[in-house]
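Please look over the model below before reading on.

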Amino acid sequence: MNSDERREQIAQNLAAVRERIAAACAAAGRDPSSVTLVAITKTYPAADVVHLAQLGVRDVGENRDQDAAPKAAEVAAALAEAAAPTWHFVGQLQRNKCRSVVGYADVVHSVDSVRLVRALATAAAAGRERPLEALVQVSLDGDLDRGGAALATDDPDRSFDRVAEAIAGSSGLRLAGVMAVAPLSVNPLAAFASLAGVAERLLKDHPSATIISAGMSGDLAEAIANGATHVRIGSALLGNRPPLR
Ligand SMILES: *Cc1c(COP(=O)(O)O)cnc(C)c1O
């Protein structure tokens with residue numbers, strides 16, 4: 001497939017995704033402008049990010065720093081600064097990668113431990129002018145090996161409240177909201193309803209923590225029905241990824 005054909009394919013996928021978002025918003029009585037599409041470009045090349053940006057997608061996300069850092073640099077070189085997308089980091093993040101991630105990402109969706117908050121805050125204070133937007137990733141099934149902070153846990157490092165307070169108390173970070181991935185074992189509507197409850201509770205103490213990052217290619221409607229402000233869409237835009245990457 002040449003570049004023009006690829007762009008046309010992505011354009012068609014994008015139109016279909018935008019239609020699904022609009023339909024879900026209509027069903028929920030919400031304005032489509034209240035939902036931000038974050039295109040998840042993992043495993044796909046920088047050229048696809050450039051296509052997406054030129055098709056009007058302003059937000060892109062990645063889950064591995066090793067792939068994202070060179071890709072972000074390639075995209076920055078290919079586009080004028082005004083056309084460059086905002087990068088979101090959505091994957092499990094190791095503390096030794098924070099310095100790199102804060103160099104290109106403006107939003108980290110996957111903050112799930114107090115130790116990670118400390119590392120991100122140090123990196124952001126040293127490496128950025130603007131604060132980094134940080135979302136607390138919520139574990140909806142308590143399986144902390146799969147990422148996320150828990151509402152009830154014996155491990156203070158992984159406690160949702162402690163992670164949120166640590167972000168709020170860090171000058172290099174801005175507590176922007178919550179994120180979750182629906183567990184395989186739970187109905188996505190029920191999972192995202194419980195995330196909405198967590199978001200509402202956080203908002204009481206932190207009125208500017210308004211982001212709810214929820215919903216992927218398979219469950220964006222369920223997420224939008226439960227107040228998602230950001231949907232993270234990969235395969236529906238760019239195609240099915242090969243397994244294990
Ligand atoms: C890959 C990924 C997505 C996108 O998943 P699709 O099913 O391809 O839309 C969303 N969120 C996270 C955290 C991911 O790793």
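**Notes on the pockets and the ligand**

1. The largest pocket has a volume of about 620 Å³. Of the 30 residues lining this pocket, Arg146, Val181, Ala182, Met216 and Arg232 are the closest to its centre. A pocket here is an open set of points on a 1 Å grid over the protein atoms alone, where a 1.4 Å probe fits, with protein on both sides within 12 Å along at least five of seven lines; lining residues have an atom within 4 Å of a point. Volume is the space filled by probe spheres set on the points.

2. The model is predicted: local features need pLDDT of at least 70, side-chain atom pairs count only at pLDDT 80 or more, and totals for chains, interfaces and linings use all residues. Residues are numbered from 1 along each chain as its sequence is written, and side-chain values use heavy atoms, with hydrogens and water left out.

3. By class, the lining of the largest pocket comprises 13 nonpolar, 10 polar and 7 charged residues. Gly counts as polar in this scheme, and Asp, Glu, Lys and Arg as charged.

4. The largest pocket is the space taken by the ligand (more than half of the atoms of a molecule must lie within 2 Å of the grid points). Residues around the ligand include Ile40, Lys42, Val90, Met179 and Arg241, where near means a heavy atom within 4 Å. This shell has 5 nonpolar, 3 polar and 3 charged residues.

5. A backbone N or O atom of Gly234 lies 2.8 Å from a ligand oxygen atom, and a polar backbone atom of Ser235 is 2.8 Å from an oxygen atom of the ligand. The protein buries 88% of the 390 Å² that the ligand exposes when taken alone (Shrake-Rupley method, 1.4 Å probe).

6. The second largest pocket has a volume of about 280 Å³. Its lining has 13 residues, with Ala84, Pro85, Trp87, Tyr104 and Asp106 nearest its centre. Helix H3 (65–78), strand E3 (86–89) and helix H4 (98–104) each give two or more residues to this lining, and H3 gives the most, with 4.

Note on methods: A polar contact is a pair of N or O atoms within 3.5 Å; within protein, one must be able to donate a hydrogen and the other to accept it, and residues adjacent in sequence count only if both atoms are side-chain atoms.
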